[in-house]
Amino acid sequence: MSLSDENTYASIFQKLKSTYLRDGAVNQILIRKRLAMLKKKKEVSMQEHLDEVNGLVNQLKSCGVKISDMDVIVYIPMLLSPEYDSTKSAIENQPSEQISFQFVVSRLLDAEALLKDRRVSETKAPRSESSNDVAFPTNQRTVICFECNKKGHVARFCDKTVICHHCGKLGHKKRNCRYLTRKKPSFKEEEAAAISFVVGGGEIKKFIVDSGATSHMCSQREWFEELKPSSGTVSCAAKSRLLEVAGIGVISGRLKNGQEIVLKNVLFIPELNGNLISVKQIQKAGYLVLFKDNKAIVKRKNKTIVLCELNSKGQYVSDFIPTVSNTFVAETEEAELWHRRLGHSGNHALKKLGLPTSDSFCENCVLAKQSAKPIGKRNRRRESAPMRMIHSDLCGPVEPATLSGERYTLTFVDDYSRFCEVRLIKKKVILL
């Protein structure tokens with residue numbers, strides 16, 4: 001290019017501009033494409049990335065393209081990696097009047113500083129293996145065990161080298177040994193479903209009003225109008241032990257004055273030496289219980305009932321007489337029979353239903369849980385020509401027989417072509 005032919009500064013400037021300033025449409029498209037595909041690299045800092053974006057924006061402006069700050073703000077989040085997603089969401093949720101180019105730049109630089117600090121803390125923090133109580137630094141997570149060829153531990157702590165102190169076999173510890181019979185944990189008083197403070201000392205056929213009992217309790221099965229199986233325990237403070245709950249139901253009856261009473265959610269406890277009416281349950285039903293003049297009075301609105309009187313032993317014994325019901329209750333206590341009736345259910349399911357359990361051997365359960373030995377998955381050599389190997393199988397006798405009397409099915413399969421032939425026969429003797 002020669003500038004000797006130009007006489008003025010304006011002509012020289014125009015010639016230089018037309019030669020070196022590429023402001024055509026093709027150049028604008030290329031710059032926009034570079035800007036859209038400019039992804040931030042991990043080894044490049046956020047400031048360097050933003051400087052590169054500004055450089056491309058300035059090139060577009062020099063080509064005569066008008067670009068506002070909002071256009072640049074839209075471009076920048078699109079070029080960031082997924083680890084900046086939370087920052088991008090925070091920027092997008094800002095009111096439009098608060099968003100500026102400087103605001104976005106400061107937020108991105110702060111996010112980069114937080115990410116760097118998090119990476120440094122993760123690199124310095126040790127990792128604790130709960131199985132062997134050994135801490136491995138982050139850069140040693142790729143350690144390989146020479147016994148099992150797995151990552152994350154060394155051969156010294158490999159399960160393949162562990163010997164069980166119970167059965168003496170390799171591959172597991174004593175706490176995981178399947179031959180170890182674990183004792184069932186003993187019941188604790190705080191785990192009891194209900195509490196009783198008064199037991200015995202009075203008439204077994206009478207109900208005692210107990211202010212310390214958490215539920216109505218009864219030991220007479222024939223008094224229940226409805227009885228459902230249930231399980232649980234009752235903490236008996238008088239005997240300092242736990243009593244088993246066999247069911248829960250409803251007892252109906254009346255007082256001597258003819259007043260009818262229905263007790264709901266009554267626990268059936270065969271070992272209980274007495275029957276209790278819980279003051280707490282009466283109050284839950286919306287009644288008010290008053291102990292006055294050696295009597296227990298139950299009130300609700302305009303209804304008043306004298307439930308019981310104090311006897312010489314200091315007990316509030318009620319004259320409540322239950323109505324004997326003909327409710328059907330299963331009398332059998334055979335655990336094996338219930339096991340078969342309920343489709344060979346396990347002891348866990350029987351306990352939930354309040355039924356007896358047994359650890360006896362069940363042949364049908366064992367047969368049902370047996371599994372066939374797995375067939376090998378290795379590639380088998382196939383024949384290269386037909387009729388060299390034939391696979392045959394016989395099935396039967398099948399009921400009912402065909403119209404012609406055949407009861408057996410005989411199949412022939414060619415190993416090479418997989419061609420199958422099926423024949424029906426009447427007796428197996430024909431094959432001999």
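These are my notebook entries on a predicted model.

**Entry: the nonpolar core**

I looked up the largest nonpolar core and found 27 residues in it. Which residues have the most contacts inside this core? I noted Val53, Val72, Ile76, Val104 and Leu108. Helix 6 supplies the largest share, 7 residues.

**Entry: helix 5**

I turned to helix 5, residues 85-92. Which of its residues are buried? I wrote down Thr87, Lys88 and Ile91. Then I looked down the helix axis. The buried residues fall within an arc of 100 degrees, so they line one face of helix 5. An α-helix has 3.6 residues a turn, so residues three or four places apart point the same way.

**Entry: a record to check**

I checked UniProt. An unreviewed entry there places the feature "domain: CCHC-type" at residues 145-160 and 164-178. I then looked at residues 164-178 in the model. This stretch is 0% helix and 0% strand. Its end C-alpha atoms are 11 Å apart.

**Entry: the second largest pocket**

I moved on to the second largest pocket, with a volume of about 360 Å³. I found that 15 residues line this pocket. Closest to its centre are Ile261, Val262, Leu263, Ile282 and Tyr287. Which elements each supply at least two residues of the lining? I recorded strand 10 (260-268), helix 7 (279-284) and strand 14 (303-310). Strand 10 gives the most, with 6 residues. I sorted the lining by class and got 9 nonpolar, 3 polar and 3 charged residues.

Most residues other than glycine have a negative phi, and most peptide bonds are trans.

Aspartate 293 has a positive phi of about 55 degrees, although it is not a glycine. I placed aspartate 293 in the loop between strand 12 (288-292) and strand 13 (295-300). Is aspartate 293 buried or exposed? It is exposed, with a relative accessible area of 63%. Asparagine 294 also has a positive phi, near 60 degrees. I found asparagine 294 in the loop between strand 12 and strand 13 too.

Then I looked for cis peptide bonds. The bond from glycine 396 to proline 397 is cis, with omega near 0 degrees. Another cis bond joins glutamate 399 and proline 400, with omega about 0 degrees. Where is proline 397? I located proline 397 in the loop between strand 17 (390-395) and strand 18 (408-414). Proline 400 lies in the loop between strand 17 and strand 18 as well.

Methods. Residues are numbered from 1 along each chain as its sequence is written. This is a predicted model: local features need pLDDT of at least 70, side-chain atom pairs count only at pLDDT 80 or more; totals for chains, interfaces and linings use all residues. Side-chain values use heavy atoms; hydrogens and water are left out. Buried means under 20% relative accessible area, exposed over 50%, partly exposed in between (1.4 Å probe, protein chains only). Helices (H or I, at least four residues) and strands (E, at least two) are DSSP runs, numbered from the N terminus. The arc is that of the directions from the helix axis to the C-beta atoms. On a 1 Å grid over the protein atoms alone, a cavity is a set of points where a 1.4 Å probe fits but cannot get out, and a pocket is an open set with protein on both sides within 12 Å along at least five of seven lines; lining residues have an atom within 4 Å of a point. Grid points are joined across faces, edges and corners, and a volume is the space filled by probe spheres set on the points. Ala, Val, Leu, Ile, Met, Phe, Trp, Tyr, Cys and Pro count as nonpolar, Asp, Glu, Lys and Arg as charged, and the others, Gly among them, as polar. UniProt positions are given in the numbering used here, feature names are shortened, and annotations may be inferred rather than shown by experiment. A nonpolar core is a set of buried Ala, Val, Leu, Ile, Met, Phe, Trp, Tyr and Cys residues joined through side-chain atoms within 4.5 Å.
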